[in-house]
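Subject: Structure handover

Hi,

Here is the structure for you to look over. My notes on it follow below.

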Amino acid sequence: MVNQFHPFIHNSIENSVDVKVDSNCGYRAIAALLGMGEDSWSLVHNSLLKELAKWSNEYINLFGNLSY
């Protein structure tokens with residue numbers, strides 16, 4: 001079925017992952033694509049929280065204060 005698409009997008013289609021749909025599916029997809037397995041989503045989540053805490057001022061300078 002991939003041949004129905006233009007060749008420039010084949011790599012993106014072939015490297016996609018189908019993860020469990022829940023409120024953590026974004027983290028699951030990243031974990032799976034990093035080769036950690038989608039059940040390691042909490043490691044990705046915690047790493048992101050640590051990154052944001054460590055560099056919060058830099059992210060605020062870059063993106064602004066995105067308080068909702």
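**Helix packing**

The axes of helix 2 and helix 3 cross at roughly 105° and come within 8 Å of each other. Please keep in mind that this is a predicted model. Angles from 65 to 115 degrees count as roughly perpendicular, so helix 2 and helix 3 are roughly perpendicular to each other. Which residues make the contact? On the helix 2 side they are Tyr 27, Arg 28, Ile 30 and Ala 31. Helix 3 brings Trp 41, Val 44, His 45 and Leu 48.

**Salt bridges**

How many salt bridges does the structure hold? The count is three.

- Arg 28 to Asp 22: the closest N and O atoms are 3.1 Å apart. Asp 22 has a relative accessible area of 23%, so it is partly exposed.
- Arg 28 to Glu 38: here the closest N and O atoms are 3.5 Å apart. This pair links distant parts of the chain, ten residues apart. Arg 28 sits in helix 2 (residues 25-33), while Glu 38 is in the loop between helix 2 and helix 3 (41-54). Glu 38 is partly exposed, at 22% relative accessible area.
- Arg 28 to Asp 39: the side chains meet at 3.3 Å, N to O. Asp 39 belongs to the loop between helix 2 and helix 3 and Arg 28 to helix 2, so the pair ties together parts eleven residues apart in sequence. Asp 39 counts as exposed, with 65% relative accessibility.

Is Arg 28 itself buried or exposed? Buried means under 20% relative accessible area. Arg 28 has 6% relative accessibility, so it counts as buried.

**Cys 25**

Cys 25 is also a helix 2 residue. Its relative accessibility is 32%, so Cys 25 counts as partly exposed. What does Cys 25 touch, leaving aside residues up to four places away in sequence? Val 19 and Lys 20. For a distance check, take Cys 25 and Asn 46. They are 21 residues apart along the chain, and their C-alpha atoms are separated by 15 Å.

**Nonpolar patch**

Phe 5, Phe 8, Ile 9 and Ile 13 make a nonpolar patch of about 380 Å². Ile 13 lies in helix 1, which covers residues 10-14. With 31% relative accessibility, Ile 13 counts as partly exposed.

**Helix 4**

Last item. How many of the eight residues of helix 4 (residues 56-63) are buried? The number is zero, so helix 4 lies largely in the open. Gly 64 follows helix 4. The phi of Gly 64 is positive, near 90°.

**In short**

Start with Arg 28 when you open the file. Then look at the nonpolar patch around Ile 13 and at helix 4, with zero buried residues.

Best wishes

Technical notes. Residues are numbered from 1 along each chain as its sequence is written. This is a predicted model: local features need pLDDT of at least 70, side-chain atom pairs count only at pLDDT 80 or more; totals for chains, interfaces and linings use all residues. Side-chain values use heavy atoms; hydrogens and water are left out. Patches are made of residues with over 30% relative accessible area and no salt bridge: like charges are joined within 9 Å, nonpolar side chains (Val, Leu, Ile, Met, Phe, Trp, Tyr) within 5 Å. Accessible areas come from the Shrake-Rupley method with a 1.4 Å probe; for residues, only the protein chains shown count as cover. A salt bridge is a side-chain nitrogen of Lys or Arg within 4 Å of a carboxyl oxygen of Asp or Glu. Helices (H or I, at least four residues) and strands (E, at least two) are DSSP runs, numbered from the N terminus. Buried means under 20% relative accessible area, exposed over 50%, partly exposed in between (1.4 Å probe, protein chains only). Axes are lines fitted to C-alpha atoms, for helices over the stretch in contact, and angles run from 0 to 180 degrees between N-to-C directions. Angles under 35 degrees count as roughly parallel, over 145 as roughly antiparallel, 65 to 115 as roughly perpendicular and the rest as oblique. Contact means heavy atoms within 4.5 Å.
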